Amino acid sequence: MKLLKNRILKDGKSYEGGILKVDNFINHQMDPILMKSIGVEFVRRFGNLPINKIITIEASGIAPAIMLGYLLELPVVFVKKAIPKTMDNMLSTTVYSFTKDRNYTVSVSGDFLTSDDKVVFIDDFLANGNAAMGIYELVKQSGAELYGMGFIIEKCFQEGGRKLREMGIRVESLARIKELGDNKILFEE
Ligand code: 5GP
């Protein structure tokens, strides 16, 4: 996706430890026009699947997920990172955060993710795949069917993409980064 790659080259900042900062257009300030193009590209990749729901995780997955949900006219469920006191029929699991270096609990109501659901998961980044594995676990607990996972940016030098693909999960990443260095961002061909 050329538009996205050009924006990453223009506004992305590469940090030590393999972190790419994109808070100018994805993670803090958001560009809805780019986000719409991201939604259109996800439609191109997932639109022919018999899904009835999009699943994502707060916070940065919500924007691309809602664009896809809007375009496909499907509901979007976001998995929560705080433990809500009032959630009915709660499903939970633990996820390790790469950027924050700590474990946290993620949860979703079994009222909104059920064995009748056929879902695609959307998130901003795929790094080591911990968030995605947490989602995989919640989908399994609910009995829903997972048709694929879509990421705006995949950092291919981390192991998440390989792990998920080896599990037989269809992974679609709109920008695939091979290497991040001092002021250097290299994409996979
Ligand atoms: P994973 O669970 O795949 O290791 O990491 C995925 C989550 O960590 C993403 O949802 C994202 O919020 C965050 N993350 C991982 N790597 C980066 C990065 O390089 N930049 C930013 N901004 N977030 C990242």
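How many helices and strands does the protein have? Show the cartoon and count: five helices and 10 strands. Keep in mind that this is a predicted model.

**Stop 1: the whole chain**

Stay zoomed out. The C-alpha atoms fill a box of roughly 45 × 35 × 35 Å along the principal axes. The radius of gyration is 16 Å, close to the 16 Å that the globule rule gives for 189 residues, so the protein is as compact as a globular protein of that length.

**Stop 2: the ligand and its pocket**

Select the ligand and draw a surface on the protein. The ligand takes up the space of the largest pocket.

Now select the shell. There are 16 residues around the ligand. Those that come nearest are Leu 20, Asn 128, Gly 129, Ala 131 and Lys 155. Color the shell by class: seven residues are nonpolar, six are polar and three are charged.

The biggest contributor is β7, with four residues.

**Stop 3**

- Lys 155: an N or O atom of the side chain is 2.7 Å from a ligand oxygen.
- Ala 131: here a polar backbone atom is 2.8 Å from a ligand oxygen.
- Asp 123: an N or O atom of the side chain is 2.9 Å from a ligand oxygen.

How much of the ligand does the protein bury? Taken alone, the ligand exposes 500 Å², and the protein buries 87% of that.

Two of these residues were picked out at the previous stop: Ala 131 and Lys 155 are also among the residues that come nearest to the ligand.

**Stop 4**

A reminder before you select: most residues other than glycine have a negative phi, and most peptide bonds are trans.

Go to Glu 58 and Ala 59. Is the peptide bond between them cis or trans? The bond is cis, with omega near 0°. Ala 59 sits in the loop between β3 (53–57) and α3 (62–72).

Follow α3 onward to the loop that joins α3 and β4 (76–79), where Glu 73 lies. Check the phi of Glu 73: the value is positive, about 55°, although this residue is not a glycine.

**Last view**

Bring the ligand back and color β7, which gives the most to the shell.

Methods: Residues numbered from 1 in each chain as written. Predicted model: local features only at pLDDT ≥ 70, side-chain atom pairs only at ≥ 80, totals over all residues. Heavy atoms only, no water. Near = heavy atom within 4 Å. Polar contact = N/O pair within 3.5 Å; in protein donor to acceptor, adjacent residues only side chain to side chain. Areas by Shrake-Rupley, 256 points an atom, 1.4 Å probe, with all protein chains shown as cover. 1 Å grid on protein atoms, 1.4 Å probe; cavity = no way out; pocket = protein on both sides within 12 Å on 5 of 7 lines; lining within 4 Å. Sits in = over half its atoms within 2 Å of the grid points. Helix = DSSP H or I, 4+ residues; strand = E, 2+ residues; numbered from the N terminus. Nonpolar A, V, L, I, M, F, W, Y, C, P; charged D, E, K, R; others polar. Rg over C-alpha atoms; globule rule 2.2 N^0.38 Å.
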